[in-house]
Amino acid sequence: VQLQASGGGLAQAGGSLRLSCAASGRTLSNYAMGWFRQAPGKERDFVAVISGSAYSTRYEDSVKGRFTISRDNAKNTAYLQMNSLKPEDTAVYYCAAGLIYSSNDELYDYWGQGTLVTVSS
């Protein structure tokens with residue numbers, strides 16, 4: 001399975017970006033899809049997760065109400081819509097797929113390569 005993350009870039013504070021994570025090699029409708037981020041000099045942190053059916057979602061507290069995770073199983077793709085961006089959202093964002101719906105990155109089986117999001121003040 002390969003995950004390809006895209007959509008990162010430079011945004012101003014208050015702006016929006018939409019990240020995509022396209023999977024190939026296997027249908028991931030049975031997998032939870034998660035987004036994580038790693039800021040410079042910091043550990044990788046959980047951002048959001050969506051269940052295989054898209055019925056359940058969970059967010060890290062600082063992004064609740066600003067970010068929305070979604071998926072299109074017909075396209076084997078997950079998304080992260082990021083609104084009201086803040087400079088502290090600056091990080092490399094990674095998508096991941098795993099059989100367990102979790103915020104724990106150790107439980108994910110497949111990872112994308114990361115896409116850089118930079119938010120200027």
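**Close-ups of the predicted model**

**View 1. Ser51 and its contacts.** Looking past the neighbours within four places in sequence, Ser51 is in contact (heavy atoms within 4.5 Å) with Tyr31, Ala32, Ser56, Arg71 and Tyr101. Ser51 belongs to the loop between strand 5 (44-50) and strand 6 (57-59); strands here are DSSP runs of E, at least two residues, numbered from the N terminus. With a relative accessibility of 11%, Ser51 counts as buried, meaning under 20% relative accessible area, where exposed is over 50% and partly exposed is in between (1.4 Å probe, protein chains only).

A quick note on the model: it is predicted, so local features need pLDDT of at least 70 and side-chain atom pairs count only at pLDDT 80 or more, while totals for chains, interfaces and linings use all residues. Residues are numbered from 1 along each chain as its sequence is written, and side-chain values use heavy atoms, with hydrogens and water left out.

**View 2. Asn76 in its loop.** You'll find Asn76 in the loop between strand 7 (67-72) and strand 8 (77-82). Asn76 is buried too, at 16% relative accessibility. Leaving out residues up to four places away in sequence, Asn76 touches Cys21, Ala22, Ala23, Ser24, Arg26, Thr27 and Leu28.

**View 3. Aromatic pairs.** Searching the whole structure turns up five aromatic pairs (ring centres of Phe, Tyr or the six-membered ring of Trp within 6.5 Å; planes under 30 degrees apart are stacked, over 60 edge-to-face, the rest tilted). Tyr31 and Tyr110 make a tilted one, 6.0 Å centre to centre with 55° between the planes. This pair ties together distant parts of the chain, 79 residues apart: Tyr31 is in the loop between strand 3 (17-24) and strand 4 (32-38), and Tyr110 is in strand 10 (residues 110-111). Tyr31 is buried at 8% relative accessible area, whereas Tyr110 is partly exposed at 22%. Elsewhere, ring pairs join Phe36, Phe46, Tyr108 and Trp111 into a cluster.

**View 4. Arginines over tyrosines.** The charged end of Arg18 sits over the Tyr79 ring, 4.0 Å from its centre; for Arg, that calls for CZ within 6 Å of the ring centre and within 35 degrees of the ring normal. Arg44 lies over the face of Tyr94, 5.9 Å from the ring centre.

View 5. Four strands line up in the order 1-3-8-7 as an open sheet with antiparallel pairing (strands pair if DSSP finds at least two bridges between them). Strand 1 (2-6) and strand 7 are the edge strands, each pairing on one side only. Strand 3 and strand 8 run antiparallel and are joined by six bridges. Leu19 stands opposite Leu80 in strand 8.
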